[in-house]
Amino acid sequence: MVSPLTTTFIQSTILNAIANILAQIIDHHRKSKSTFTPNLPALLQFITYGIIIVPPNFIWQRYLERRYPGFLFRGASTPSSSSTNNFSSPPSRTSTPNGKKGGPGGGNGLGEIYISIPDPTSTVLLKEKKNPHNFLPSQQKRSRGGWYNFLMKFLLDQTVGSVGNIVLFIVLINLLKGVGVGGVWGLVVEDFKPIMIARLKYRPIVSLLMYTVVPVDRRVVFGSACGVIWGVYLSLYAVV
């Protein structure tokens, strides 16, 4: 069975190739009326860039979903009853009026009343005292759900995700074109702002859809599909 990452590789590569060819056609007709001939080196450079960025984006989207799970219009997941029961009642010991411990094998128990006393030496009891609401940290994260998780994913994608992707694009595409390391950093400083402004014109809408209806393993492909126009823009920037 093909893994989600492999599927994402294949689909994103096809979409990036389409975006680059469209950009080449646009650039050709702006500059010349002659017959169009594909620029294969430029196409291979852009496809290579697209292949390199698939794994970090795939991991990034999975991290966001693991850290802030759920969809906006679906209820947050609830802890299972078994996990709740494991932390709902601390171990106890029983005592009888004559001071003997009760329980299986502790006497015939005939006519005696047993009193349950929490064991103060129990490590579970100590954990209970530190966490009076009987929630594990992961359960507390899931209980937030809804708008909080959606907003966190949305904001992180617009900030950390956008910055990382733009820097990766400028660095990788220029290294593939043969630019030296020193020149690449100068291009990052020069080109980051206009590319970031262009990205903010379309990415918020894509993120809104991704974090409300699109499964996590399809988000990179969905972003590539919605970003064919964005890919054309990047390809034109790369001087196809």
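The model is predicted: local features need pLDDT of at least 70, side-chain atom pairs count only at pLDDT 80 or more, and totals for chains, interfaces and linings use all residues. Residues are numbered from 1 along each chain as its sequence is written, and side-chain values use heavy atoms, with hydrogens and water left out. The structure holds one cavity of 30 Å³ or more, and the largest nonpolar core has 23 residues.

**Cavity**

- The largest cavity has a volume of about 380 Å³. Closest to its centre, of the 28 residues that line it, are Ile 53, Asn 165, Gly 223, Ser 224 and Trp 230.
- A cavity is a set of points on a 1 Å grid over the protein atoms alone where a 1.4 Å probe fits but cannot get out, and lining residues have an atom within 4 Å of a point. Grid points are joined across faces, edges and corners, and the volume is the space filled by probe spheres set on the points.
- At least two lining residues each come from helix H1 (4–31), helix H2 (40–67), helix H6 (146–176), helix H7 (181–199), helix H8 (203–210), helix H9 (219–226) and helix H10 (228–237). Helices are DSSP runs (H or I, at least four residues), numbered from the N terminus.
- H2 supplies the largest share of the lining, seven residues.
- The lining divides into 15 nonpolar, ten polar and three charged residues. Here Ala, Val, Leu, Ile, Met, Phe, Trp, Tyr, Cys and Pro count as nonpolar, Asp, Glu, Lys and Arg as charged, and the others, Gly among them, as polar.

- In the largest nonpolar core, the residues with the most contacts inside it are Phe 46, Tyr 49, Phe 169, Ile 170, Ile 195, Trp 230 and Leu 234. A nonpolar core is a set of buried Ala, Val, Leu, Ile, Met, Phe, Trp, Tyr and Cys residues joined through side-chain atoms within 4.5 Å.
- H2, H6, H7, H8 and H10 give two or more residues to this core, and H6 gives the most, with seven residues.
- Another core, of six residues, lies apart from it and includes Leu 15, Ala 19, Val 221 and Val 232.
- Beyond four places in sequence, Phe 169 is in contact (heavy atoms within 4.5 Å) with Phe 46, Tyr 49, Ile 195, Leu 234 and Tyr 237.
- The buried residues of H10 are Val 228, Trp 230, Gly 231, Val 232, Leu 234 and Ser 235. Their cover includes H1, H2, H6, H7 and H9. Buried means under 20% relative accessible area, with a 1.4 Å probe and protein chains only.

**Buried polar and charged residues**

- Thr 8 is found in helix H1 and is buried, with a relative accessible area of 0%. Not counting residues up to four places away in sequence, Thr 8 touches Val 54, Phe 58, Asp 217, Val 220 and Val 221.
- Asn 57, in helix H2, is buried at a relative accessible area of 15%. Its side chain is joined to that of Asn 165 by a polar contact of 2.9 Å. A polar contact is a pair of N or O atoms within 3.5 Å; within protein, one must be able to donate a hydrogen and the other to accept it, and residues adjacent in sequence count only if both atoms are side-chain atoms.
- Asp 157 lies in helix H6 and counts as buried at 1% relative accessibility. The C-alpha atoms of Asp 157 and Arg 203 are separated by 8.9 Å, with the two residues 46 apart along the chain. Leaving out residues up to four places away in sequence, Asp 157 touches Trp 60, Gln 61, Ser 162, Arg 203, Ser 207, Met 210 and Tyr 211.

Conventions:
1 Å grid on protein atoms, 1.4 Å probe; cavity = no way out; pocket = protein on both sides within 12 Å on 5 of 7 lines; lining within 4 Å. Buried < 20%, exposed > 50% of the residue type's maximum accessible area, 1.4 Å probe, protein only.
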